[in-house]
Structures are given as C-alpha cells and as structure tokens.
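Subject: Structure for your review

Hello,

Here is the structure I said I would pass on. My notes follow below it.

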Amino acid sequence: MGTPRRILVTGGAGFIGSAVVHHLVDEVGADVLVIDKLTYAGNLASLGGLDGRPGYRFVQADICDAPRMATLFTAFDPDAVMHLAAESHVDRSIDGPMAFIETNVVGTCTLLQAALAHWRALPTERAAAFRFHHVSTDEVYGALGEDGQFTETTPYDPRSPYSASKAASDHLVSAFGHTYGLPVIISNCSNNYGPRQFPEKLIPLMIIKGLAGEPLPVYGEGRNVRDWLYVEDHARALALILARGRVGETYNVGGAAERRNIDVVRTLCAVLDDLAPRPSGRHADLIAFVRDRPGHDYRYAIDFSKLERELGWRPQESFESGIARTVQWYLDNRAWWEPLVRTHDAAARRGLAGVG
Ligand code: NAD
C-alpha cells in the first residue's frame, strides 16, 4: 500500500503531531485534517505556515466527543487516521491521573468507534487500504536495568499513570483489530526532542532555564537513562509505517542515542555555552540536583531493528547535531515559547526535570 491520500491526524497541534503534519503536507503531499482540543500542550503557532495551504485543515475538537468525531469522519472521509492526541507528561499524570484516563483511554476508544463505523461504510477497495495508526510510547514496556532493550514482544509493564493509560490505549487499538478487523498499526517510540516541544519537558526546560540563567533542576543524581530521537526522524518513521507497515503489527522506533539525563543536560550546557554564552560562568554551573520523581523508571532502551529490516528506516540526525539544531531553534523562536512560559509559569517552571 502507498501513502494514503486523506489523513486525519489527532493531536496535530502538539509537539510530535505538528512535525508529522508539516511532514505530511510538505514532503508527502497528503490532504490532512488536524483534530486537536488545544489543551495547554496544543499550539496553533506550531502549525504556522500551513494556513491556507491546499490539503491542510484544522478543527478544534475533543476526541472524547463521540457525535463530533462521527460528524468529522463523515465530512472528511479519511483513508487513514494517525492518532497522536494524548495527555503526555508523566509528572502531570502523577499529580492528576484522571485527565490521562479520559483522553488517552476513553478518547482513544471513542475515536476507534468513529473510525470503525467509517471503515465499515467504505467500499471494499478503500476499506482494505484503510489504516488506523496509533502513536504510542516505549514506556508501556516498563523499566530496564543496565542491560537489554525493549522489543515488540516485551511484555507490557507500565509504571506511571501516563504509561498505564498509553498501555490501555494500545490494548484497545489492538483489540479493535482482533475483534472487529479494523486495520490497525501501533508504533512505540522512545523520547523525542526537537523544535516546538512544550517547555515542561526536559530538553526545552533546560534550554529555557539556561537562557534565563536559572538553576537547571535534575532529578535524583541524573543517572536515569533514556533513548532520544529527533522529532523529524520520528515523523518520517510514522509516515513510512503508515504507508508500508503491515496491518496488525507493532513497530518500535528509537534514536540509537541512549544517554543519562545528566549527560543530556551537560551536552545542552556545552551547546548553550557556544551559542549563547553567559556573561559569567558556564551553563553547567547552573545544574542543581532535586528530589527524584516517585517511581522514576531507571532505564529505557529500544530495539528498532524490525523497522529497519522491514521498512529500511534509521534515524538520520545524530544526538549531538539534533541537540544543536534544537537549541538554535529555541534561540530563533522566542516568540513561540515565551508566551507559553508566561502563561504556564506555575506548571512549566515548577522545577520538574526528566521526561519519560
Ligand atoms: P503533546 O502533549 O505535545 O501534544 C498532545 C496534543 O494532543 C496537544 O496538541 C493537545 O492539545 C492534544 N490533545 C490532548 N487531549 C486531547 C483531546 N482530548 N482531544 C483532542 N486533542 C487533544 O504530546 P507529544 O509529545 O506530541 O506526543 C504525541 C503522541 O506521541 C502522544 O500520544 C504520546 O503519548 C506519544 N509519544 C510521545 C513521545 C515524546 O517523547 N514526546 C514519545 C513517544 C510517544
């Protein structure tokens, strides 16, 4: 199957969703309908430049709103769904899990029901080509010790309310495939970074605090290990999986860039020293260790060899060059993040560090 022509993207005003929408419109030439509730994490400025482009439409809507979803499916008549809408921040899920159940579990099920009704009404040929692609996280697999990697067959063992809600949504998607025959695909990815990431997540938080000369809060001793993928590499992987992935399969996506949190922060500090030197001292002098997150998973690492073998995908951006590009983007786009930092001061600048 080739790339679907009409793609309904949920969560397209978010960090990864906006990268996906830019990729689909600019590189793939698809018709895209973005559905996004515009929560604190959604930002229309992230879709800047697409307004008025043929093939791009945006609708503000909640995926939990079943009648609205049914109407939008009928009106847009998609060939595929890429589902990225979610509550996505682990720390917020610890403070308030219910919003995660509402959007990630109830919302996903609501969207699945709308997609199923739409798919059942399609003519045979279009129904065979239809795809529901669910974008998920490697956090559903739990935590690793010093060794090993998550594969697509690693048993689920989510540890945070966020990852538990994503695990539930993965199971629902898979169940709609098995039970009703809906042509579903799931991808599970490691931590993303890059332009347009909300300033509560580790990398943008450190950049913004570093630029302000504020302390850089690192959980515990910063020893937790994550794998990092540049968001545009993820967008490319998702488009490829949608176009050529096998129905009913799961694909892991990773960056081949395992780093301890403290090393991520040190790399950022070195880039900041180059691109935006402090009047006195080095950015690394700002590092401050803070009390660890409850239940902080030690290590995630992901084996993405299936995606590489079957679809020929590999990350193109190295961690070091991706970080340099990201810092440069935040330097060049203060107008994107300064209003967010002001509006969400309390939450975004509470000193939380360490995503996923
Ligand atoms: P994000 O928080 O930046 O964006 C989420 C988007 O979903 C926002 O635009 C928000 O407004 C929208 N949204 C939230 N609730 C909604 C609802 N009820 N109805 C409609 N829209 C709603 O998240 P992200 O980092 O871009 O992540 C996107 C997806 O990728 C998520 O499903 C996440 O679990 C997954 N993922 C993220 C990462 C990562 O490192 N960021 C890694 C792997 C997987």
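Glu232 is a residue of helix α8. Please keep in mind that the model is predicted. Glu232 counts as buried because 22 C-beta neighbours lie inside 10 Å, and the cut-off for buried is 20 or more. Apart from its neighbours within four places in sequence, Glu232 is in contact with Ala19, Gly194 and Glu317. Val271 is 39 residues from Glu232 in sequence, and the C-alpha to C-alpha separation of the two in space is 20 Å.

The helix and its strands

Helix α8 covers residues 231-244 and lies across β7 and β9. Relative to β9, helix α8 runs at about 70 degrees.

Strands β7 and β9 belong to an open sheet of 3 strands, ordered β7-β9-β11, in which the pairing is mixed. At the edges are β7 (191-193) and β11 (258-260), each of which pairs on one side only. From one strand to the next, the twist averages 50 degrees.

Strand β9 takes in residues 225-230 and runs parallel to β7, with 3 bridges joining the two. For Asn191, the bridge partner in β9 is Trp228. As background, the strands of a sheet pair through backbone hydrogen bonds, and the pairing can be parallel or antiparallel.

Strand β6 (residues 184-189) pairs with β10 in the parallel sense, over 4 bridges.

Strand β10 spans residues 250-253 and is covered on both faces. Thr250 and Asn252 are on one side, Tyr251 and Val253 are on the other, and all of these are buried.

Around the ligand

There are 31 residues around the ligand, and those that come nearest are Gly11, Gly14, Ala41, Gly42 and Ala86. Sorted by class, this shell has 13 nonpolar, 13 polar and 5 charged residues.

Several elements supply at least two residues each to the shell: α1 (15-28), α4 (98-120), β5 (131-137) and β7.

Regards

Definitions and conventions:
Residues numbered from 1 in each chain as written. Predicted model: local features only at pLDDT ≥ 70, side-chain atom pairs only at ≥ 80, totals over all residues. Pairing = 2+ DSSP bridges. Axes fitted to C-alpha atoms, helices over the stretch in contact; angles between N-to-C directions. Contact = placed C-beta atoms within 7 Å. Buried ≥ 20, exposed ≤ 12 C-beta atoms within 10 Å, placed from the backbone. Near = placed C-beta within 6 Å. Nonpolar A, V, L, I, M, F, W, Y, C, P; charged D, E, K, R; others polar.
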